[in-house]
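Please keep the structure in view while reading.

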Amino acid sequence: MLLIFLLTIIALIIEKYHMVVAAMIGASLTIFFGSFIYKIFTPEEAFTQFIDGSTLRLVLGILLLMEGLAKSGLFQFIGLWVVRLVGNRPKILFSAFMFLTAILTTSIPNLPAMLIIGAITASIAKSLRLKLRTWIMYEAIACNAGSIGLMISSIPNLILASEFGFTFSQFIRITLPLSLLVVYVTTLIGLKVADLIEEGEQEVDISSLDPWQAVRDKGILIRSTAIFLATIALFFLHEKTGIPLDVVALGGAVIMLWIGVTEPEELFRSINWGVFFFLGAFYIIIGSMEKTGALDVLAKAVAPIYAMQPLISLSATLWISGITSGLIDNIPVTLTLLPVIKKAAEASQAPITRLAWATGIGANLGGSLTYFASPPSVVAISILEKEDPTFSPSDFMKLGVPITIVQLVVANIYLFLWPLF
Amino acid sequence: MESEKEKKKRKPINFVIKEYGKLKNDVEKAIRVSIKVKIHKPESITDEEFRALEEDSEFKKRVEELVISYIKRKREAEG
């Protein structure tokens with residue numbers, strides 16, 4: 001089982017196959033050897049006990065809700081309203097867009113978030129002489145930093161909430177301030193060192209732009225925003241009401257499909273269904289490792305780290321999670337690290353919850369390390385290749401690597417100091 | 001520089017460019033109102049000559065002037 005796991009991880013790193021295909025081949029081999037050759041578990045056990053159904057339901061509900069909100073035009077409206085308000089003051093606009101991007105990513109999936117902010121930036125770039133390359137790359141990095149923010153902001157966060165029972169309000173207290181702090185530091189770096197504007201004349205007067213023009217249907221915008229906010233409120237009250245998170249998310253998604261969008265088909269088309277196959281397949285691989293004791297072998301290998309000072313184990317977890325998430329998708333990183341840390345920390349009595357937070361934070365920040373590590377980075381590269389013929393993806397890494405290191409240092413200090421864990 | 005093999009690896013995500021184009025179009029409409037008009041190629045010119053007009057700034061300027069004079073005449077005619 002350990003060998004199948006390692007081969008799957010290698011396949012994910014070298015990207016020979018699509019990540020979902022690699023995980024599904026790994027899961028198939030796991031079931032073949034585990035059920036039919038060694039007879040350690042049955043296929044039914046693998047499908048019903050290894051796969052965490054509540055996480056899958058939570059992810060499904062959240063993705064449907066967020067995609068519905070993304071399609072409402074709310075964020076195009078807010079973005080253009082900010083442009084009209086700030087006008088031709090590039091430094092203020094840059095700061096506003098960095099925080100807008102982060103806030104956007106806390107509320108909708110990071111792929112449409114980057115598409116929306118990228119489209120707004122590219123549309124105003126010529127008019128305001130903005131250096132598109134700089135803006136788009138920084139926005140992708142802000143997107144990844146924003147993913148730390150709330151429970152619903154990324155799949156690693158949803159896995160944390162589901163596996164460790166972290167609540168919505170805990171995310172607001174612990175990770176949201178860090179997300180804003182990281183974006184603040186990144187914005188300061190951008191303002192200090194980046195070229196924000198191009199030479200030339202301003203082409204279009206943007207003071208007359210009408211943000212409502214970007215909204216197709218005001219009624220849908222109002223309804224989908226109300227459904228989204230009501231669901232968030234129920235997440236907040238989850239401890240008091242006792243309604244499971246996946247039930248709240250799916251309930252909100254049903255109402256969104258019922259009255260929040262015009263075309264449910266359009267919403268279904270925009271969902272990344274591959275993520276469910278990936279999660280299911282990876283849960284089978286990890287579940288089989290748990291069952292066969294392979295996870296104990298991995299945990300023993302990393303145990304010396306957790307026997308050290310808690311601060312060293314905390315830093316090691318954050319950086320391992322961050323760097324590996326720069327090389328492969330952050331979902332397998334989170335799914336693998338969490339059970340390994342759990343076992344290793346149990347043996348050494350290291351603070352498991354702080355290590356879990358460090359895993360999630362590293363997994364989100366690591367997305368800016370390389371241009372292929374996260375959806376916002378890939379979207380940024382695609383936009384720049386279309387709009388800027390001289391752009392090369394390596395330009396992204398020249399910015400992404402140093403900024404991710406700074407962000408991980410900031411997160412590391414924050415994790416040392418934050419008293420609320 | 002990125003190799004062709006590496007570019008191919010990123011290809012599946014390129015569908016996002018279509019979505020990006022739609023979003024950008026919506027946003028540009030809010031910044032500056034625009035319309036799309038379909039014009040078929042006249043018989044007497046080549047495909048290349050005709051397609052090149054899409055990127056011809058002089059042509060776009062002439063079309064803008066035509067729009068202004070056409071609307072002016074229309075307004076006058078309607079009184």
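Predicted model: local features only at pLDDT ≥ 70, side-chain atom pairs only at ≥ 80, totals over all residues.

Is A:L298 buried, exposed or partly exposed? A residue needs 20 or more other C-beta atoms within 10 Å to count as buried, and A:L298 has 19 such neighbours inside 10 Å, so A:L298 is classed as partly exposed.

## The overall form of chain A

Chain A is built with 21 helices and zero strands. Its radius of gyration is 22 Å, close to the 22 Å given by the globule rule for 421 residues, so chain A is as compact as a globular protein of that length. Taken along the principal axes, the C-alpha atoms of chain A fill a box of roughly 70 × 45 × 45 Å.

Of the 421 residues in chain A, 51% are buried. When contacts in chain A between residues at least 6 apart in sequence are considered, 81% of them join residues that are at least 24 apart.

## A mostly covered helix

Helix α9 of chain A, residues 155-164, is mostly covered, with eight of its ten residues buried. Which residues of α9(A) are buried? They are A:I155, A:P156, A:N157, A:L158, A:I159, A:L160, A:A161 and A:S162.

These buried residues pack against several other helices of chain A, namely α4 (53-71), α10 (168-193), α13 (245-260), α15, α18 (330-348) and α19 (352-365). Just after α9(A) comes A:G165, which takes a positive phi of about 70°.

## Helices α3 and α15 of chain A

Two packed helices are described by the angle between their axes and the distance between the axes. For helix α3 (residues 43-50) and helix α15 (residues 274-292) of chain A, the axes come within 9 Å and cross at roughly 105°, which means that α3(A) is roughly perpendicular to α15(A).

On the α3(A) side of this contact are A:A46, A:Q49 and A:F50, and they meet A:Y283, A:I284, A:G287 and A:S288 in α15(A). Sorted by class, the residues of the contact of α3(A) with α15(A) are four nonpolar, three polar and no charged.

## Positive phi angles in two loops

A:K39 has a phi near 50°, a positive value in a residue other than glycine, and A:K39 sits in the loop between α2 (19-37) and α3 of chain A. With 9 other C-beta atoms within 10 Å, A:K39 is exposed.

A:R129 likewise has a positive phi as a residue other than glycine, with a value near 60°. The loop that holds A:R129 runs between α7 (110-128) and α8 (132-146) of chain A, and A:R129 is partly exposed, having 17 other C-beta atoms within 10 Å.

## Chain B

The secondary structure of chain B amounts to four helices and zero strands, and from the N terminus on its elements run α-α-α-α. Buried residues account for 10% of the 79 residues in chain B.

## Where the chains meet

The contact between the chains takes 30 residues from chain A and 20 residues from chain B. On the side of chain B that touches chain A, the largest share, twelve residues, comes from α2(B). By class, that side of chain B has ten nonpolar, one polar and nine charged residues.

Definitions and conventions: Residues numbered from 1 in each chain as written. Chains lettered and ligands numbered in written order. Contact = placed C-beta atoms within 7 Å. Nonpolar A, V, L, I, M, F, W, Y, C, P; charged D, E, K, R; others polar. Rg over C-alpha atoms; globule rule 2.2 N^0.38 Å. Buried ≥ 20, exposed ≤ 12 C-beta atoms within 10 Å, placed from the backbone. Axes fitted to C-alpha atoms, helices over the stretch in contact; angles between N-to-C directions. Parallel < 35°, antiparallel > 145°, perpendicular 65-115°, else oblique.
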